[in-house]
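Thanks for taking a look at this one with me.

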Amino acid sequence: MTAPRLVIRKAMMDVGGKQRPVIQVQALFEPALQARLNDLFGTEILFKRAVYAQGFPDGTPIPSPGMAPALGAFLKNDACPEITVKSLLAGQKLQTNSLWDIVAFEYISKRAFDNLCEFAAAAAELGTEKHYLGQAAADLLAFTSDTAAEAAAAAAAA
């Protein structure tokens, strides 16, 4: 089993006689899981610019000071694409006029990949059964184990 990964390719391409920056991102998963994600959840949105136009939620990696203004402008621009399960698995390409847009797209692609990994973990559990006993049960189990160990130590000392 290979670990999921995001392949990021950047280049300068000649478009109409002018060099333009281009980026392509593609998520790679185990073939069976990738097929399941594509078939059942291809239209699931991993990144929607309108949701993040006012900022990212707590816990999101902070963009560098140099990238922050470009990222903010990119998120407010209609050229900022949505990223879906299908587009990220197939390989999504963006051609722009600015290298800062490429940097911003790479940043949001990484956040979309993080979301896809979490989503894939849930999809991989379909058809399985899990048991959650709660945090209180874990604390009770630890207390019971400690009590039994202390009782055994007291009995051995006596």
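Predicted model: local features only at pLDDT ≥ 70, side-chain atom pairs only at ≥ 80, totals over all residues.

1. Let us begin with the parts list. The protein has 6 helices and 5 strands, and along the sequence they come in the pattern β-β-α-β-α-α-β-α-β-α-α. The chain is more spread out than a compact globule, because its radius of gyration is 23 Å, well over the 15 Å that the globule rule gives for 158 residues.

2. For the overall dimensions, picture a box of roughly 90 × 40 × 25 Å along the principal axes, which the C-alpha atoms fill. The accessible surface is about 10,100 Å², and carbon and sulfur atoms hold 58% of that area. Of the 158 residues, 30% count as buried.

3. How much of the contact count comes from residues 24 or more positions apart? Among contacts with a separation of 6 or more, such pairs account for 74%.

4. Now to helix 5, residues 99-124, and its meeting with helix 1, residues 31-41. Their axes come within 10 Å and cross at roughly 95°. Angles from 65 to 115 degrees count as roughly perpendicular, so helix 1 is roughly perpendicular to helix 5. On the helix 1 side the contact involves Leu33, Arg36, Leu37 and Phe41, and on the helix 5 side Leu116, Phe119, Ala120, Ala123 and Ala124. By class, the residues of this contact divide into 8 nonpolar, no polar and 1 charged.

5. Helix 5 also meets helix 3, residues 68-76, with the axes coming within 9 Å and crossing at roughly 80°. What is the division by class in the contact of helix 3 with helix 5? There are 9 nonpolar, no polar and 1 charged residues.

6. Have a look at Gln34, which is found in helix 1. Is Gln34 buried or exposed? Gln34 has a relative accessible area of 17%; buried means under 20%, so Gln34 is buried. Leaving aside residues up to four places away in sequence, Gln34 touches Ala27, Leu28, Phe29 and Leu89.

7. Ile83 is worth a stop too: this residue lies in strand 4, residues 83-84, and counts as buried at 0% relative accessibility. Not counting residues up to four places away in sequence, Ile83 touches Glu44, Ile45, Leu46, Phe47, Leu88, Gln92, Phe105, Ile108, Ser109 and Ala112. One of these, Glu44, is 39 residues from Ile83 in sequence, with 8.8 Å between the two C-alpha atoms.

8. Finally, Ile45 sits in strand 3, residues 45-47. With a relative accessible area of 40%, Ile45 is partly exposed. Its contacts beyond four places in sequence are Glu82, Ile83 and Thr84. Ile45 and Ile102 are 57 residues apart along the chain, and their C-alpha atoms are separated by 20 Å.

Note on methods. Residues numbered from 1 in each chain as written. Heavy atoms only, no water. Axes fitted to C-alpha atoms, helices over the stretch in contact; angles between N-to-C directions. Helix = DSSP H or I, 4+ residues; strand = E, 2+ residues; numbered from the N terminus. Parallel < 35°, antiparallel > 145°, perpendicular 65-115°, else oblique. Contact = heavy atoms within 4.5 Å. Nonpolar A, V, L, I, M, F, W, Y, C, P; charged D, E, K, R; others polar. Rg over C-alpha atoms; globule rule 2.2 N^0.38 Å. Buried < 20%, exposed > 50% of the residue type's maximum accessible area, 1.4 Å probe, protein only. Areas by Shrake-Rupley, 256 points an atom, 1.4 Å probe, with all protein chains shown as cover.
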